[in-house]
Structure formats: structure tokens, C-alpha cells
Amino acid sequence: MGIVVENVSKQFGSFQAVEQVSLEINSGSLVALLGPSGSGKSTLLRLISGLEMPDSGKIILTGKDATYQSVQERNIGFVFQHYALFKHLTVRQNIAFGLEIRKAPKKKIQGKVEQLLELVQLNGLGDRYPSQLSGGQRQRVALARALAVEPNVLLLDEPFGALDAKVRKDLRAWLRRLHDEVHVTTVFVTHDQEEAMEVADEIVVMNKGKVEQVGTPAEIYDHPASAFVMSFIGPVN
Ligand code: ADP
Ligand code: MG
């Protein structure tokens with residue numbers, strides 16, 4: 001079982017950021033939350049992660065009611081648009097961070113870090129500092145760091161949003177390959193329809209805090225459920 005969102009709502013002041021959202025995300029799938037700016041994507045992701053509490057509704061993770069669990073209890077890996085790597089730590093130390101604070105055995109940490117460096121194709125760069133890496137490399141470190149603790153769920157909020165078009169395109173393909181290897185349930189936020197189409201198994205289209213449609217890229221492209229989806233997804237303009 002993956003993620004179940006049941007009738008979740010979240011208001012900020014009088015503004016309804018997420019309204020009565022229900023959603024099922026299969027275990028091991030790679031799902032995109034797609035919608036225009038302000039449609040509630042980040043808020044929904046934060047609700048799934050436990051960084052934000054819903055006003056009403058439930059979040060169920062791997063079959064367990066997680067609505068009132070902390071981020072740590074949910075065992076979530078998180079990557080944001082603006083990489084928050086520790087500047088004073090090397091790539092290796094950044095990746096090891098979550099395992100160090102969990103007091104994992106030294107040997108296990110070392111092995112895991114080397115395995116992750118290989119997975120994100122940063123072999124040889126382990127002793128560099130974040131300032132000595134490109135933007136794309138930094139996001140790969142952030143992903144490795146998120147994966148180090150073997151999260152139940154990986155949540156990515158516009159992970160490639162700050163990068164230039166060419167790097168973004170490479171990272172998309174790379175995220176797809178990574179996911180095919182690791183199979184961790186992954187939800188990523190994007191406002192880029194092409195990115196969602198290319199990478200995701202399933203797309204959740206959001207508009208004004210609500211889910212407009214859920215489907216595979218082909219289903220959504222061929223059978224848009226509303227005029228909004230059609231205008232947002234439709235033939236690339
Ligand atoms: P998206 O990620 O799709 O751009 P968000 O979920 O970030 O949308 O935001 C949806 C709306 O909720 C935005 O209009 C934003 O101003 C508002 N919002 C989000 N977080 C907060 C907050 N912590 N306090 C007040 N308003 C917020
Ligand atoms: Mg956002």
C-alpha cells in the first residue's frame with residue numbers, strides 16, 4: 001500500500017489552499033502533482049509529509065493512519081526546489097547526515113553512502129563541498145541524502161525548478177531511471193506539463209486546491225476530464 005489521502009482540507013486564514021482532496025497513490029509508483037502556481041500542490045505535499053496538519057481529513061501511509069504522526073515517524077524523504085545542502089559538510093557527510101543522527105553503525109553508514117554515490121552517479125565527488133558542484137549535481141546529492149534513510153515515501157517539490165532547461169531535461173530522464181531501480185513511492189510537484197508527461201506513471205492535475213483529474217499521461221492527454229485539464233495539458237503550445 002502506498003499513500004491514501006482522504007477528504008483532506010487546509011485553509012490559511014480565509015483562503016482554501018486544499019479543498020476536500022481524496023487520492024490514492026500506489027506503492028512503488030512515481031506520481032506527479034501537476035497544476036498552475038497557487039493550485040495547492042506544495043500544500044498537499046506538505047500535508048502528506050506531516051510538515052503541515054490538515055483542518056480535516058486523513059493521511060494514510062502504508063495502511064496506517066499517519067494524520068497525527070510527525071515527519072520523522074512517517075519516514076519521509078524530502079527534496080525542495082532550493083537545495084538545502086549543508087554548506088560546511090562534504091557530499092559524503094551530507095548524504096550520511098540522516099544516518100548519523102539516527103546513530104547507525106559507522107560501517108553501515110560508509111557502505112550506504114558509497115552505494116548512494118554510485119546510484120546518483122557522483123562517484124569521485126564525495127569529498128567536494130556543495131559550492132564546488134553544479135546545480136544538477138547538488139540536486140542529486142539532495143536526492144541521495146533523502147534516500148539514505150530508506151524512506152517509505154519520497155516527496156519532491158519542484159526539484160528541478162531552479163535549473164536551466166538542458167539540465168532539467170537530463171535530470172528528468174535520470175529521475176525516471178533512478179525510480180526504476182529504487183521503486184520507492186515518489187510524489188513530485190511540477191507546474192511543467194511536459195515534465196509530468198515524460199516522467200510520471202500517473203498524473204494528478206490540480207486546480208484551485210482541488211483534484212481535477214487523476215490518470216496516466218496517456219489517459220489524461222487523450223481524455224481530459226475538463227476544459228481546465230484540456231487547456232493545461234493539451235497539445236503543447
Ligand atoms: P502551489 O505549490 O501549487 O503553487 P501552494 O500550495 O504553495 O500552491 O499554495 C496555494 C495557496 O496557498 C497560495 O496562494 C499560497 O499563497 C497559500 N499558502 C500556502 N502556504 C501558506 C501559508 N503557510 N500561509 C498562508 N498562505 C499560504
Ligand atoms: Mg509550490
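Student: Which residues of α3 meet α5?
Tutor: This is a predicted model. In it, Val 91, Asn 94, Ile 95, Ala 96, Phe 97, Gly 98 and Leu 99 of α3 meet Val 141, Ala 144, Arg 145 and Ala 148 of α5. By class, the residues of this contact are 8 nonpolar, 2 polar and 1 charged.

Student: At what angle do α3 and α5 pack, and how far apart are the axes?
Tutor: The angle is about 25°, and the axes are 7 Å apart. Helix α3 covers residues 91-101 and helix α5 covers residues 135-148.

Student: Parallel or oblique, then?
Tutor: Angles under 35 degrees count as roughly parallel, so α3 is roughly parallel to α5. The crossing of α3 past α5 is right-handed.

Student: What about α4 against α5?
Tutor: Helix α4, residues 106-119, crosses α5 at roughly 140°, and the two axes come within 10 Å. That angle makes α4 oblique to α5. The contact consists of Lys 112, Leu 116, Leu 117 and Leu 119 from α4, with Ala 144, Leu 147 and Ala 148 from α5. By class there are 6 nonpolar residues, no polar ones and 1 charged.

Student: And how do α5 and α6 cross?
Tutor: They cross at roughly 20°, with axes that come within 11 Å; helix α6 is residues 165-182. That makes α5 roughly parallel to α6. On the α5 side the contact uses Gly 135, Gly 136, Gln 139 and Leu 147, and on the α6 side Val 167, Asp 170, Leu 171 and Val 182. The classes here are 4 nonpolar, 3 polar and 1 charged.

Student: Which handedness does α5 have as it passes α6?
Tutor: Right-handed. The passage of α4 past α5 is right-handed too.

Student: Switching to the sheet. What is the strand order?
Tutor: The order is β2-β1-β4-β5, an open sheet of 4 strands with antiparallel pairing. β2 and β5 (64-65) are at the edges with a single partner strand each, so one side of each has no neighbour in the sheet.

Student: How many bridges hold β1 to β4?
Tutor: There are 5 bridges between β1, residues 3-12, and β4, residues 56-61, and the two strands run antiparallel. Val 5 has Ile 59 in β4 as its bridge partner, and Ser 9 stands opposite Ser 56 in β4.

Student: How many between β1 and β2?
Tutor: That antiparallel pair has 7 bridges.

Student: What happens at Gly 13 in the hairpin of β1 and β2?
Tutor: Gly 13 takes a positive phi near 60° there, and the hairpin has 2 residues between the strands.

Student: Last topic: what surrounds ligand 1?
Tutor: Its surroundings are Phe 12, Phe 15, Ala 17, Gly 35, Ser 37, Gly 38, Ser 39, Gly 40, Lys 41, Ser 42 and Thr 43. By class, that shell has 3 nonpolar, 7 polar and 1 charged residues.

Student: Which element gives the most to that shell?
Tutor: α1 does, with 3 residues. Both β2 (15-25) and α1 (41-49) supply at least two residues of the shell around ligand 1.

Technical notes
Residues numbered from 1 in each chain as written. Chains lettered and ligands numbered in written order. Predicted model: local features only at pLDDT ≥ 70, side-chain atom pairs only at ≥ 80, totals over all residues. Axes fitted to C-alpha atoms, helices over the stretch in contact; angles between N-to-C directions. Parallel < 35°, antiparallel > 145°, perpendicular 65-115°, else oblique. Left-handed = near helix turned anticlockwise from the far one by under 90°. Contact = placed C-beta atoms within 7 Å. Nonpolar A, V, L, I, M, F, W, Y, C, P; charged D, E, K, R; others polar. Near = placed C-beta within 6 Å. Pairing = 2+ DSSP bridges.
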